Amino acid sequence: MTPIWLSAETATLAAAHAADRMPHALLIHEAPGAGGDWLAAWAARLVLCTQRDRAPCGACLSCQRVLAGQHPDVMTLRLVEDSQQIRIEQVRELSEELSLTSHQGSYKVGVVSPADALNRFAANALLKTLEEPPPRTLLILVATQPSRLPPTILSRCQRIRVRAPTRAEALAWLRGARGPGDWDAVLEVIGEAPMLAAAADAQVTVQTGREMAQGLEQAVSGALDPVATAEKWARSELPLRLRCFENWLTERIRERAGGATLFPEVRAGTHLPASRPDLNIRKLFEVLDGVRELKSSLDAPLNRGLALESLLRRLAARGPAGITR
Ligand SMILES: [Zn+2]
């Protein structure tokens, strides 16, 4: 089932393919969890489907193999194990594979996701393939932060923007794809990211979300032990916890801003608690910066517990910054 918020993008690609104007390289710029990988797999099916007049049919052997992640002409680069970077060796392997003739005598497709995890050397190596793409090659980069990629790469890709769906669109898709469930509660925790929600353990997510909201409220009032809490959070579900932390902060900021949409990066919350006099917006932004920094450096050999502890202390600290409104 095509997610409804992606229907314009699939229509554009289908028209390009039908007119033999498929670009060599696509950059799918997605809102986190909004379906960039889904669209990449859809585009792979589009060019590899054997039923050209109704591609991607979803039923032919080619489509089935792409859906199962087993098509010999599709190669996907992902993060390997604990690494937060895609490395040059992986890119070299991809470039080599793309230069070979396809198994089916049609397209070769390379997918890099998340492309913003390409390190500098890997990005340079990929540039060579982008500059001289072998014929009938489709390279698809999926990124939530394309600004992390060199401009030389960006300028060689046709960009497709995948926006976050509305809550109603996300709920309808989740119910269709995963069946009934308390998806509203899951999205309340992780934001409008249905693909993340579909892959998450709903119960763990909702429970972690509640625990985080409670913990952060306690941190603000000074009723939380920052050392023990930070250690515990760093040990389990850290990426999910950081996402909860980020959402909690952006909602508090939105609330302090009077609910106005002054900050496009701040997601809309459905239930806004009463204003908090003890949280000022500048401090919230400072802590938010800290949370985002920690999120993007999860691979760095730093003490995550210590970094979290310092953020919790800043949230609790009362002083000139905490009193000024
Ligand atoms: Zn097909």
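This is a predicted model: local features need pLDDT of at least 70, side-chain atom pairs count only at pLDDT 80 or more; totals for chains, interfaces and linings use all residues.
Hi everyone, let me begin with a term: buried means under 20% relative accessible area, exposed means over 50%, and partly exposed is what falls in between, using a 1.4 Å probe and protein chains only. Residues are numbered from 1 along each chain as its sequence is written, and side-chain values use heavy atoms, with hydrogens and water left out.

Let's start with salt bridges, meaning a side-chain nitrogen of Lys or Arg within 4 Å of a carboxyl oxygen of Asp or Glu. How many salt bridges does this rule give? The count is 16.

Take R167 and E188, whose closest N and O atoms are 3.2 Å apart. Helices here are DSSP runs of H or I with at least four residues, strands are runs of E with at least two, and both are numbered from the N terminus. R167 is buried at 16% relative accessible area, while E188 is partly exposed at 26%. Both also belong to a network of salt bridges that links R167, D184, E188 and E192.

Next come K108 and E97, another salt bridge, again with the closest N and O atoms 3.2 Å apart. Here strand β3 (residues 108-112) holds K108 and helix α4 (residues 88-99) holds E97, so the pair connects parts eleven residues apart in sequence. K108 is buried, at 3%, and E97 is partly exposed, at 24%.

E255 and R252 form a salt bridge too, at 2.8 Å from N to O. They sit three residues apart in helix α12 (residues 238-256), about one turn of the helix, and both are buried.

Now to the rings. Searching the whole structure turns up one aromatic pair. Rings of Phe, Tyr and Trp (its six-membered ring) pair if their centres lie within 6.5 Å, and planes under 30 degrees apart are stacked, over 60 edge-to-face, and the rest tilted. The W5 and W173 rings have centres 6.3 Å apart and planes at 80 degrees, so they are edge-to-face. W5 is in the segment before α1 (7-18) and W173 is in helix α7 (residues 167-178), 168 residues away. Both tryptophans are buried.
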